[in-house]
Amino acid sequence: MSSRRQYPFDLIEPKWQRAWDAEQTFRAFNPGESVPDGHPFGVRHSVAGKPASAAQLPPKFYIRDMFPYPSGAGLHVGHPEGYTATDILARYRRAKGFNVLHPMGWDSFGLPAEQYAVKTGQHPRVTTEANIANFTRQIKSLGFSYDWSRELATTDPEYFRWTQWIFLQLYNAWFNPETNRAEPISTLKFPEELDGARLSEPQQATPEAASTNSESATAQAAGCGSESRAPGDLESRRRAFRDSKRLAYVSEQPVWWCEDLGTVLANEEVVDGKSEVGGFPVVRKPMRQWVLRITAFAERLLADLDTIEWTDSLKEMQRNWIGRSEGAEVDFPLLMASGGRFQPGGPDDERIRVFTTRPDTLFGATYMVLSPEHKLVEQIVPQEWPSGTPDAWKGQRKYQPAITVVESATAGQIAFGMVKADLNGLVPTPEALKVMTAERAIRFRAVPVYYRESTLIVAISNPADLDMMDSLRNELSVENLEFRVASESDIERILVDFYGAKPSLKPSPREAVAAYRTYASGKSDLERTELAKEKTGVFTGAYAINPVNGEKIPIWIADYVLASYGTGAIMAVPGHDSRDLEFARKFDLPVRVVVQAPAGKDSIGFLDDGVAVNSDFLNGLPTAEAKAKITAWLEAKGLGKKTINYKLRDWLFSRQRYWGEPFPIVWRRDASGQPYHEGLPESALPLLPPALTDYKPTASGEPPLARAKDWVSLPDGAVREVNTMPQWAGSCWYYLRYLDAKNGNAFVSKEAESYWMGSLSTLNSQLSTKSTPGVDLYVGGTEHAVLHLLYARFWHKVLFDLGHVSTTEPFFKLVNQGLILGEDGQKMSKSRGNVVNPDDVLVEFGADAFRLYEMFMGPLQDTKPWNTRGVEGVYRFLGRVWRLFIEEKSETAFEQAQTVATQPDADLLDHLVMNGTIADVSATPAQLKVLHACIKKVTEDLDHLRFNTAISAMMVFVNEANGWQTRPFSVMRTFLQLLAPFAPHLAEELWARLHRTFGQNPPSLGYAEWPSYDPALLVESEMEIPVSVNGKHRDVIRVSADADNATIEATARRAEKAQPFLEGKTVRKVIIVPKKMVNIVVG
RNA sequence: GCCGGUGUGGCGAAAUGGCAGACGCACGGGACUUAAAAUCCCGGGACGGUAAUACGUCGUGCGGGUUCGAGUCCCGCCACCGGCACCA
């Protein structure tokens, strides 16, 4: 650790931060805004002291960071990595003559503040504001050139009024599949039976959007199905129909419920069956929720990825998440077990519709599987098993508590063992739970823990759960915890008592199916992934007919088929699908080869494209042709059609929390008492959350907002929606608010939007570098790949369709910064104790060194470990820069003055004197060459985001300049311009001093024109060219720069060190790459 | 399992198909100093060789290939990191 400061950054850095603040140096000006007199931006672009129109302003450059959640822990060194990169580019672009928009704000709604509020009763706003203040202090101490006048926080009512406004835009719009875009709900046409006013006119039935389950499900829930209703409630039905089409709609679907967080979560927030935040268990639970129709935009979200510059991996993540697959829907007619045709509710129910991407394997479909939740299940199950049904198909439980010893001890209080039991059909019965409760059964993190006769019995099936034992020990305050293996009877007790298992055959298909459905729905996703390594399922007793060959095939239910994908049903082709094969093997179902694998590969289980066999009229066709032929055949017969499916689900948009945006929605009841919702008028915004003293959910499990009875109930009898929006809402559009952050009349003005988002950029392209539309550069971590970045693209497209923004995409270029690891090469975390706090680094080395090191570590996108010695290295470099400019003797005087001074004072810096080696003389050619090489490298590297090599180029310059007896003013001045984006405080201080020393008024460094290099100065009169013999490097020759090939060849042939390799050999060929190398090929 | 990315000194890393290891860290030597720190200068891929030079051989995860020439391009592996994961 250095005992003495390399240079007085502690005085320099606050001094310039104050100056930039006071002079509003980095204010970005909107079209129509008046630029203050004398502001350096106005001076540079001749718009000072007057309002500048969009055409008078220089081209825009909009560069942004992902705004942070202001946590109580403060900034860590990962945050400023991206911030530094964008700040360097912002400063560089300003110098290049762009109007740079570089803002910062706060994603300030969030769980920690709310959890603190639940515990202490303190309003989350208090915590949030304190954290914002701390983050602001930390970020400002790094000297970033943000335009702080545009600072925003998603928790600010003046911000979230527009978040609510955008929600209303979604609420009042629908997706028109014919135009493939969002339109105002007023353009929605009612189907004929609801269009009472114009029954005589011919009406197009509203076409279904690309088949999304949510859509058809809600449409049916809303009652617009085929069954007719009394004409009296036509109005209600019209409303229900309209509500079912909105981009923001209410759905009763099963959602991920997290008990520990007390809220539901979106699919994207659930990772490995646990909540992304906190890692708590989640379960599937049907609830009424607000959902946004992102699936309607799946195709455009996918297609437009081709129009933006993101990394391949990021685009790929989004593609995977959207998960488009092409295939066919095929109808399988039902057959009753008795052999008669099935006729429950009408013509639509006579078949089961499946989705498959391999219609060419239809002849290999030997059974069908429905998801346990499939709506047809109950209707198709017969009273009795068909004769000859194997016992294994009847849902027989066949658990063998095969106990694998994991760890053991004697005479302990806790016994546990690994259960490898097939829990098929087993669920904790209410009776069993009562018994368990009486005996102090507890559920610990979804794992049953059973206390009986002074012994805790823990059945686990995953070695990973061993980690749990420590927490369990703490939680139970059991000391001297010892382990022993659970005995077989221990396990038996858990299975019988907890799961209510009885080793008996299910007596009827109905019971077997009911038991399996309960089992499947009761499993949390955690249990599903950890316990269900083996396939489970049960035969329904019903059969269907394979439409291509008339075969009778059994229908099963199994939880490996998801209700939420495709049609919730599949045709199983065990010959060519690994999951179906696994299932077929377990239950002894027939396997048939219908695709011939290439020679040498087994056709059973062959998943790739091959040639159709055993498939009647498809035989001999390659897979692609077989697909086309069978699809056409199905369509001609009316048995199926080509279909596209997506993995993407609609976006669950409501949370049961206090600290989020309230929905601008009220609920009323129609004449028949049916509740319906209504959007608030814009004039009611912002809708503020009510004041509460208790932030917990209500006793009846309603969200916290329900506690505010006065707030919830309106005088006219309506009640407010009590859910709130998720944290992602505010971050979906903040990049638009920055453009016009103080606008009270609109979320952004048209002028600001079109200028900054680049629709106007073609109007003023006086610079060769053209502006990109949208955000020019967005830098942030990969963790938002499918959350924020997908949601924001979706909102942007809706706003675009509705005419509120002018570009189809928000972020045209995006770069992911790499993770910074701790000094031990591990991910930084409190528990590892390897977290580096930027505050500490700043105290010791200053902001400039910190910034420089963050960039010097390696390429921005790479993951790399922190190394404090590395900071010292760049800090030393800055010290060398300092000493190039400052007379060392004057430093002694300065230090003495500083010791005497009672408090730090920037005036003390005036004791410093410029280094006497700097003189206003013309530079030597060698000096110019060093400088211009540096300009070239730094400029080119900045254009390609190669900060680390730009810094090393400056180090090379400093190492050279260090040896100069005389340092020309002009050269040193230009160098400071190159340094300024990286180490702005030091550069500003030296810039000011340098100019004053030479009797000049320092021009604004931030807006001084970026230096350009003269290629002529870089040309060598002589050059060194490596000489190779047979591709091996042997010598280096010197020739004049304009030497022709003949001269080069002759010189190379004479090269001394090459001689031993040429002697006695015939030269077959001489390859000369101009200015690069010579290769002599001998034989 | 599928998709994407990355493998170069003791470490972070450089290298439009053309002298591998720029720059920095750590390390070693020297100057300055009573001494240390700081600073300045010099040296560091490995092996062989030499008093030290010189010089030679090998060397960019592994195995092949294309090329006068490969860290870079192609084919096949291996390892690590990230994402997805019963999506029909």
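How far does a polar side-chain atom of T356 lie from a sugar or linking oxygen of RNA strand B? The separation is 3.3 Å, in a model that is predicted. The points below place this contact among the other features of the RNA surface and then turn to one helix.

1. Extent of the RNA surface. RNA strand B is surrounded by 52 residues. T357, K535, R579, M857 and N1079 are the closest of these. Of the atoms of RNA strand B that come within 4 Å of the protein, sugar and phosphate make up 64%.

2. The side chain of S325 places an N or O atom 2.7 Å from a phosphate oxygen of RNA strand B.

3. Composition. The surface near RNA strand B comprises 19 nonpolar, 16 polar and 17 charged residues.

4. Contributing elements. Helix α28 (947–961) supplies at least two residues of this surface and, with 6 residues, gives the most to it. Other elements that each supply at least two include α10 (312–322), β15 (351–356) and α25 (868–885), as well as strands β39 (1022–1029), β40 (1032–1040), β41 (1067–1073) and β42 (1077–1082).

5. Helix α17. This helix spans residues 578–587, and D580, L581, F583, A584, K586 and F587 are buried in it. Among the elements covering these buried residues are β16 (367–370), β24 (552–557) and β25 (569–572).

Definitions and conventions: Residues numbered from 1 in each chain as written. Chains lettered and ligands numbered in written order. Predicted model: local features only at pLDDT ≥ 70, side-chain atom pairs only at ≥ 80, totals over all residues. Heavy atoms only, no water. Near = heavy atom within 4 Å. Polar contact = N/O pair within 3.5 Å; in protein donor to acceptor, adjacent residues only side chain to side chain. Helix = DSSP H or I, 4+ residues; strand = E, 2+ residues; numbered from the N terminus. Nonpolar A, V, L, I, M, F, W, Y, C, P; charged D, E, K, R; others polar. Buried < 20%, exposed > 50% of the residue type's maximum accessible area, 1.4 Å probe, protein only. Contact = heavy atoms within 4.5 Å.
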